[in-house]
Amino acid sequence: MSEAPAEIPPSALMRWVPGLALFRDYRREWLSADLLAGVSVCVVMIPSVIAYAALMGLPPQHGLYAALVPLLVYPFFGSSRQVIVGPDIAISLLIASAIAPLAGGDPSRAAALAATVAVLSGLLLLLGARAKIGAIANFLSKPVLVGYMTGAALILVASQLDKLLGIRLEHNDFFPRLAELAGKLRLAHGPTLLFGLSLLAVIVGLRRLAPKIPPALVVVVTAIGASLALGLEGRGVAVVGAFPRGLPGFALPTADWRDIHTLLPAVIGIALLTYTEGILLARAFAAKNGYEVNPNQELVALGLADVSAGLFQGFSITGSQARTTINDSAGGKTQLSSLFAAITLILFLVFLTPLIARLPVVALAALLIYGGFTLVEFDIMARIYRFYPRSAMLAASTTLGVLAVGVVLGILVGVALSLIALIDRISNPPDAVL
């Protein structure tokens, strides 16, 4: 009887760069599915990442840079075959809340600060791969996460109301912003408001009647077409404007120690959210497709993707649930789909960026407003309020804390409330007489 051949141990390079196994074991029959999935992901991603850049006060190209570089890095270091990394709405809101007070409305300074946050959060994730920093995520209970996301969603919607109405607001904090908005409603620009509400109606209609059609793509194509056909810019509707074509260059972020000290709470919060979103997403799709992921390797991959995004004029990223779902439903088999998405985005950056110049800003606001509502898990909220009244109070308190102190400190409020609730349950355990 012949013995089975001994399994060849992976080389040192393969241990450091596990994604190289993708090319060693790749099957030719997967190629067409990965190519279709990659192109689909890129087409849907472009309008979203431009909107996230606008949320942070950055020029549109920085959103595209933040999407491109991680698509090229993650496939070589991650252990998931389906996860697509890139800018995320919740993390983008957290970055915006952190850098806005320091940037002072200067887009170039905002870009430098966002890149600094990306590098620092990536380094923290790499340290966390050794120090098991992910255990901190266990302090965020489900009611706290629901409350945090609800508060973040309300802040996100409030941040886009000035663009929807075509007016200028000075306050950034939630309650003062609403008060200022109430006093300026009469100044709303009619064409901008009407067009924005129409686009919101299109998004809601597509989600209900044709959920498989990506609303971001439809909204952007419709908005650009209407802008050209109706001359919306001449009617006072603000447009994105021209931005440089081409690929991002290496740029070491410039920030002094005072900026770093101020940004540190946001960096910790972003690393925490990146861990929770990225790891949970990787595990979910690994279970669906019948394989396992390495949590520690995922932390390394996400950390390297964050650092590389910051070094090439981007900002922090994580696993994207929407794009990963599109990748999986389009038949993506391996991380080669991520590389195909990157190639498609490179072609767009080199040849097709002038198409975005006539895109109305209110279209991006409509996408972000709807995205804010998707952050709220209404079904889980209803279940919590129905079956767990005390947990509902915890969720509501977290929401109020986020609205009162902001998105960055809101994470710390959530962790503190989780610990208080845990101590309360330990001090007063439930009992029953049988």
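At which residue does α3 bend, and which proline follows within four residues? In this predicted model, local features require pLDDT of at least 70 and side-chain atom pairs count only at pLDDT 80 or more, whereas totals for chains, interfaces and linings use all residues. Residues are numbered from 1 along each chain as its sequence is written, and side-chain values use heavy atoms, with hydrogens and water left out.

Helix α3 bends by about 35° at Met45, and Pro47 is the proline that follows within four residues; the bend at a residue is the angle between axes fitted to the seven residues ending there and the seven starting there. Helices (H or I, at least four residues) and strands (E, at least two) are DSSP runs, numbered from the N terminus. The 25 residues of α3 (residues 31-55) should span 36 Å at 1.5 Å a residue, which agrees with its end C-alpha atoms being 36 Å apart; the expected span is 1.5 Å times one less than the number of residues. Just after α3, Gly57 adopts a positive phi of about 80°.

Helix α7 (residues 142-165) packs against helix α8 (residues 174-184) at an angle of about 30°, their axes being 10 Å apart. Axes are lines fitted to C-alpha atoms, for helices over the stretch in contact, and angles between N-to-C directions run from 0 to 180 degrees. The two helices α7 and α8 are therefore roughly parallel (angles under 35 degrees count as roughly parallel, over 145 as roughly antiparallel, 65 to 115 as roughly perpendicular and the rest as oblique). Residues in contact (heavy atoms within 4.5 Å) include Leu154 and Ile155 of α7 and Phe174 and Arg177 of α8.

The axes of α7 and helix α15 (residues 361-374) come within 9 Å and cross at roughly 160°, which makes α7 roughly antiparallel to α15. The contact of α7 with α15 comprises ten nonpolar, three polar and one charged residues; Ala, Val, Leu, Ile, Met, Phe, Trp, Tyr, Cys and Pro count as nonpolar, Asp, Glu, Lys and Arg as charged, and the others, Gly among them, as polar.

Helix α4 (residues 60-77) and helix α14 (residues 336-352) pack at about 150° with axes 9 Å apart, which makes α4 roughly antiparallel to α14. Among the residues forming this contact are Leu64, Tyr65 and Pro75 of α4 and Ser338, Leu345 and Phe348 of α14. By class, the contact of α4 with α14 contains 15 nonpolar, one polar and no charged residues.
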